[in-house]
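Good morning, and thank you for the time.

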Amino acid sequence: MKRYALFLGCTTPTQVIQYELSSRWVCKQLGIEMVDIEDFVCCGINQVNLSQEAGLLLAAMNLALAEKRGLDILTLCAACTGHLAESVERLKNQETRDRVNNKLRKMGLEYKGEAKVKHISRVLYEDVGIDRIKEKIKIDLSNLRAAPHYGCHYLKPESAFNGFDDPDNPKTLHKLISATGAFPLQYETLNLCCGGKSFPVSREVVFYLVQKKLDNLMNRNIDCMVVQCQTCYLMYSDQQEEINKQLKKRYNIPVLLYPQLLGLALGGDPKNELGLDLNTISLNRLLAKAGINRRI
Amino acid sequence: MKQDKNRGGPIRVEELDPNFRSEVMKHGEAQELNACFACGICTAGCPVHEIFPEYSPRKLAKMVKLGMRKDVLSCPYIWDCVTCHNCEQRCPQNVKFFNILNVLKNMAAEEGYAPNPWVEQTKQIIKTGLVFPTDEALFEKRRSFSLPDLKLDGSKVKKIIKLTGIDKIKSQTKG
């Protein structure tokens with residue numbers, strides 16, 4: 001099985017460590033080796049606001065660090081995925097690459113265009129495969145109904161993903177959820193953005209978009225949402241609580257990160273291996289329904 | 001409601017900048033702008049437009065073409081883009097409005113319109129390489145789950161940021 005350089009990004013290792021924890025555990029079970037590169041820094045996506053060149057340089061620096069070790073990058077965050085993959089595309093242009101490398105050389109680095117980027121779900125889908133995941137399932141989660149949320153940058157810009165999934169009608173996360181036995185819901189606001197990228201500057205946008213999706217999901221008899229990005233996670237869980245508090249609403253939809261759901265099906269310890277107790281909205285009801293007799 | 005005092009009323013011809021369009025389009029990312037025929041599918045699929053009808057990718061593209069430099073760069077809504085990429089995904093003319101918007105934001109930032117959170121994030125990554133501050137409680141929590149320590153070295157980032165000059169950008173001195 002392939003080795004990858006694990007790209008944690010900024011938010012996961014500081015605010016959503018259960019995503020890192022469960023991802024590491026799940027990959028270990030499925031034979032994906034993750035290599036930590038301590039020199040990795042911010043992928044650069046937010047710097048694009050001030051300077052597209054700064055955003056590209058930061059992405060190129062991270063790509064160069066992985067390439068130096070002969071590794072492709074495995075990402076957890078959808079936004080890091082989109083930005084790094086888009087940067088790989090931009091850096092295929094010789095003129096752009098030369099300009100960027102002239103600057104990277106000042107730090108003893110160079111990106112030749114070899115290192116590529118894959119989100120953890122894509123690695124699970126393509127490298128491990130649905131069939132092999134199914135073979136490893138120890139606990140059947142078929143009592144659960146889950147609403148998938150893909151995350152915009154997992155799918156777009158489409159040109160950066162080689163036709164991996166269809167941004168207008170995505171299927172990969174549905175299939176990954178099905179592999180655990182759980183039922184993946186198809187719903188009207190499936191492709192709606194979480195708003196996370198404007199969270200630092202506009203709570204109004206986040207509150208509106210999060211509520212629109214939760215309103216759609218409230219009476220759909222689901223046990224949880226399943227996301228594959230820590231920023232989407234924070235919007236739908238922590239901001240769900242914030243909306244309840246500030247706007248006196250009563251949303252109550254637990255949110256799982258995909259490796260946590262898969263981890264449960266693989267028989268992982270909900271607390272120590274998957275960090276379910278760190279999730280903002282309690283998952284005890286979901287665990288009971290899944291027949292996992294462990295409270296967190 | 002945000003202050004957008006430059007908007008509304010007729011276009012003030014004396015304020016138009018005929019060079020604005022070419023200034024935007026000299027950035028490689030914005031080259032397809034001329035292909036826009038203002039069909040508006042970008043705006044129709046924009047979640048931010050749904051919240052703030054004043055924000056419209058179609059309108060902004062037209063404003064750039066007309067040379068409405070001041071109105072575009074001081075428009076507070078350009079910073080609310082959620083980066084969902086719907087505008088470019090759905091464009092029948094392959095105009096990458098998402099990239100054009102980034103060019104506009106970069107120009108607006110140079111002119112002192114950048115919101116504070118983005119300027120602060122730049123200051124933070126120069127320190128530690130990550131956009132969020134860290135503390136001892138986090139390090140303890142990570143260790144309790146046997147997760148590796150974070151290196152938190154911003155020195156290389158600092159060099160990169162200095163090369164682009166965005167360390168000198170100040171937040172919202174105007175607008």
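Predicted model: local features only at pLDDT ≥ 70, side-chain atom pairs only at ≥ 80, totals over all residues.

Residues are numbered from 1 along each chain as its sequence is written, and chains are lettered from A and ligands numbered from 1 in the order in which they are written.

Let me begin with chain B. Its secondary structure amounts to ten helices and zero strands; helices here are DSSP runs of H or I with at least four residues, strands are runs of E with at least two, and both are numbered from the N terminus. The C-alpha trace of chain B spans about 60 × 35 × 30 Å along its principal axes. Of the 175 residues in chain B, 40% are buried. By that I mean that 20 or more other C-beta atoms lie within 10 Å of the residue's own, while 12 or fewer makes a residue exposed and anything in between partly exposed, with C-beta atoms placed from the backbone.

How do the axes of α3(A) and α10(B) cross? They come within 9 Å and cross at roughly 150°, the axes being lines fitted to C-alpha atoms over the stretch in contact, with angles from 0 to 180 degrees between N-to-C directions. The two helices are therefore roughly antiparallel; that term applies over 145 degrees, with roughly parallel under 35, roughly perpendicular from 65 to 115 and oblique for the rest. From α3(A), E53(A), A54(A), L57(A), L58(A) and M61(A) meet K156(B), V157(B), I160(B), I161(B) and T164(B) of α10(B). By class, this contact has seven nonpolar, one polar and two charged residues.

Within chain A, the axes of α3(A) and α4(A) come within 9 Å and cross at roughly 90°. That makes α3(A) roughly perpendicular to α4(A). Among the residues making the contact are G55(A) and L56(A) of α3(A) and H83(A) and L84(A) of α4(A).

Chain A also has an open sheet of four strands, in the order β6-β5-β7-β8, with parallel pairing; strands pair if DSSP finds at least two bridges between them. The edge strands are β6 and β8 of chain A. A146(A) has P184(A) in β6(A) as its bridge partner.

I close with the backbone. Most residues other than glycine have a negative phi, and most peptide bonds are trans. K156(A) and P157(A) are joined by a cis peptide bond, with omega about 0°, and P157(A) sits in the loop between α8 and α9 of chain A. N221(A) has a positive phi near 55°, and T83(B) has a positive phi of about 60°. Which of the two classes, buried or exposed, applies to N221(A)? With 8 C-beta neighbours inside 10 Å, N221(A) counts as exposed, whereas T83(B), with 23, counts as buried.

Key: Contact = placed C-beta atoms within 7 Å. Nonpolar A, V, L, I, M, F, W, Y, C, P; charged D, E, K, R; others polar.
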